[in-house]
Amino acid sequence: MTHIVILGSGFGALTAVRQIRKSGVDAQITVVSPGNHLTYLPSLIWMPSGLRNAADIDVNLAKFFARESVIWHKGSVTNVADGGRTVETDNGTLTNDYLIIATGGRYIQKLPGIKEHAIIPCQGANMGQQIFDRVNAMDGGTIAVGFGANPKEPKAVRGGPMFEFLFNIETMLRKQGRRDKFNLVFFNGSETPGIRLGEKAVKGLLAQMAKRRIATHLGAKPIRFEADKVVTEREEIPADMILMMPGLTGPLWLDNTELPRSEGGFVQGDEKCRVVGWEHTYVVGDTGSFPGPEWLAKQAHQADLQAEAAAANIVDEMQGAAPTHNFKAELICIVDTLDSGIMVYRKGDRTFFMPMSKLGHWAKRIFEGLYLKAYRK
C-alpha cells in the first residue's frame, strides 16, 4: 500500500489528511508530530479578555485520526534524507512513498532582550494565558505592541494578530472601566504596517488607533528590548509590558537536511507545492517559500489552500498522471477588536475591504466553530 507521511499536525497537515481521504485513494497515512492536539491559533487573540481560554481552543485529535485511519507517530523531525523518502525523528525512522512537509515556521528571536522582556503571543495558549494574567494584574501603565519581518523574505510576516491583540486589549480595558489608567502604543519599522492587507486596510487600522487613543511609532525598527522600554533606531518607548511578533523563518531541523532553501530560510516550493528538485515531496504552510503575489500571506487559510493542492497532486501521481493543481493565492483576514472587526479579502488583482462592523467579529466566531467541528466531532 502507498505510504504517505505528513510532517506536522497543524492546519495544513490536517487539511491534507482530509483531502487525501476525500479523494478515495488507497493509502496509509502517517502523521508525525510531538503532540496529537491542535491549538486553534486564530482565537488566541481572545484569551487576554477571557473570551476564550486554553481549553476552548485546544482540540484532541485522537478521534479525528481514528476516524480518518491515520497512524500518529509521536516525535519531532530531525532530518529528511534520501530525496524525501526517509524521515528521521527523535523516536525512530520512517520511510515513505510521498511526503508532505507541514511542520510550520519559527519566530526569529535575535533582537537583544526579546526573550527576556517581550511576549511572543502566537507561540501557544500558554502565551495567551500569560497576557491575560499580566494585563489583569496591572493597575495601569504602558502596553507596547508591535511586529517585525524577515529582512531576507518580506512575505514572512504575521502582523494581523498583533493588531487584534492591541484592539482586543483596548476594548477589554474600556469595558472594564480601566482604559484611562493605561497608555497603549503600537510600534513598527514600516510607515505602512500591514500593507499586505491593502492601502484601505492600513488607513482603516491607523484611523482606529487614532480613534482609540493608541499612540503610534512608525518607520523606525526596534533594535532591542529592555525591562521597561522598546528601543528603536530613533527613540526609546517606555513600556511596562511588550507584545512583539518577530518575522518568521524555517524550523531548525531544516539545517540537518539538503532540502532546497529560500534566502529567508524556508523550504523552496513551486506553484504546485512540490519541493523544488525533489520527487514526490511537497511543502505547505509556514514551512515553505512559494511564488505568488507580494501579499501572499503566512496564515492558516493559505496553508489550507496549499494543502488542498498538494493532496490533489499526490492523488494525480498515484493515479499515474502528472500533477496539475496549482495552489490558490488568496487572503482572507478579519482584524477583530473583541466586539467588531475589519474584513479584508484579496485574490488576484481584486481587493475587498469592509470597514469596522459587528458583523466582522461574529463572522470570525462562527468560522471558528465551523472549522473546529470537523476535528471535534
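This is a predicted model: local features need pLDDT of at least 70, side-chain atom pairs count only at pLDDT 80 or more; totals for chains, interfaces and linings use all residues.

Colleague: How many helices and strands does the protein chain have?
Modeller: Helices here are DSSP runs of H or I with at least four residues, strands are runs of E with at least two, and both are numbered from the N terminus. Counted that way, the protein chain has eight helices and 24 strands.

Colleague: What radius of gyration does the protein chain have, next to a compact globule?
Modeller: The radius is taken over C-alpha atoms, and the globule rule is 2.2 Å times the number of residues to the power 0.38. The C-alpha trace spans about 65 × 45 × 40 Å along its principal axes. For 377 residues the rule gives a value near 21 Å, and the chain agrees with it, at 21 Å.

Colleague: What share of the residues of the protein chain count as buried?
Modeller: Buried means under 20% relative accessible area, exposed over 50%, and partly exposed in between, with a 1.4 Å probe and protein chains only. Of the 377 residues, the buried share is 56%.

Colleague: And what share of the contacts with a separation of 6 or more comes from residues 24 or more positions apart?
Modeller: Contact means heavy atoms within 4.5 Å. For the protein chain, the share from residues 24 or more positions apart is 66%.

Colleague: How far apart are the centres of the positive and negative side chains?
Modeller: Lys and Arg count as positive, Asp and Glu as negative, while His and the chain ends are not counted. Each charge is placed at NZ of Lys, CZ of Arg, CG of Asp or CD of Glu. With 44 positive and 40 negative side chains, the two centres lie apart by 6 Å.

Colleague: Now to β17: how many of its residues are buried?
Modeller: M241, L243 and M245 point one way from the strand, I242 and M244 point the other way, and all are buried. So for β17, residues 241-245, the count is five of five.

Colleague: Which residue of β17 is the bridge partner of F147?
Modeller: Strands pair if DSSP finds at least two bridges between them. β11 (residues 141-147) and β17 are parallel, with five bridges. In β17, the partner of F147 is M245.

Colleague: Which residues does D240 contact, leaving aside neighbours within four places in sequence?
Modeller: D240 sits in the loop between β16 (236-238) and β17, and it is partly exposed at 45% relative accessibility. Its C-alpha is 56 Å from that of D26, 214 residues away along the chain. The contacts of D240 are R134, M138, G141 and T142.

Colleague: Which residue in β8 is the bridge partner of T86?
Modeller: β7 and β8 (residues 92-95) run antiparallel and share four bridges. A hairpin of two residues links β7 to β8. The partner of T86 is T95.

Colleague: What is the phi of D82?
Modeller: D82 lies in the loop between β6 (77-81) and β7 (86-89). D82 is exposed, with a relative accessible area of 57%. Although D82 is not a glycine, its phi is positive, about 55 degrees.

Colleague: Is H280 buried, exposed or partly exposed?
Modeller: H280 is in the loop between β19 (267-268) and β20 (281-283). It is another residue other than glycine with a positive phi, near 55 degrees. At a relative accessible area of 28%, H280 is partly exposed.

Colleague: Which residues does T15 touch, neighbours within four places aside?
Modeller: T15 belongs to helix α1 (residues 11-23) and is buried, with a relative accessible area of 6%. The contacts of T15 are D304, A307, E308, Y371 and Y375.

Colleague: Last one: how far is L184 from L338 in space?
Modeller: L184 is in strand β12 (residues 182-188) and is buried at 2% relative accessibility. Among its contacts beyond four places in sequence are I143, L166 and R213. L184 and L338 are 154 residues apart in sequence, and their C-alpha separation is 16 Å.

Conventions. Residues are numbered from 1 along each chain as its sequence is written. Side-chain values use heavy atoms; hydrogens and water are left out.
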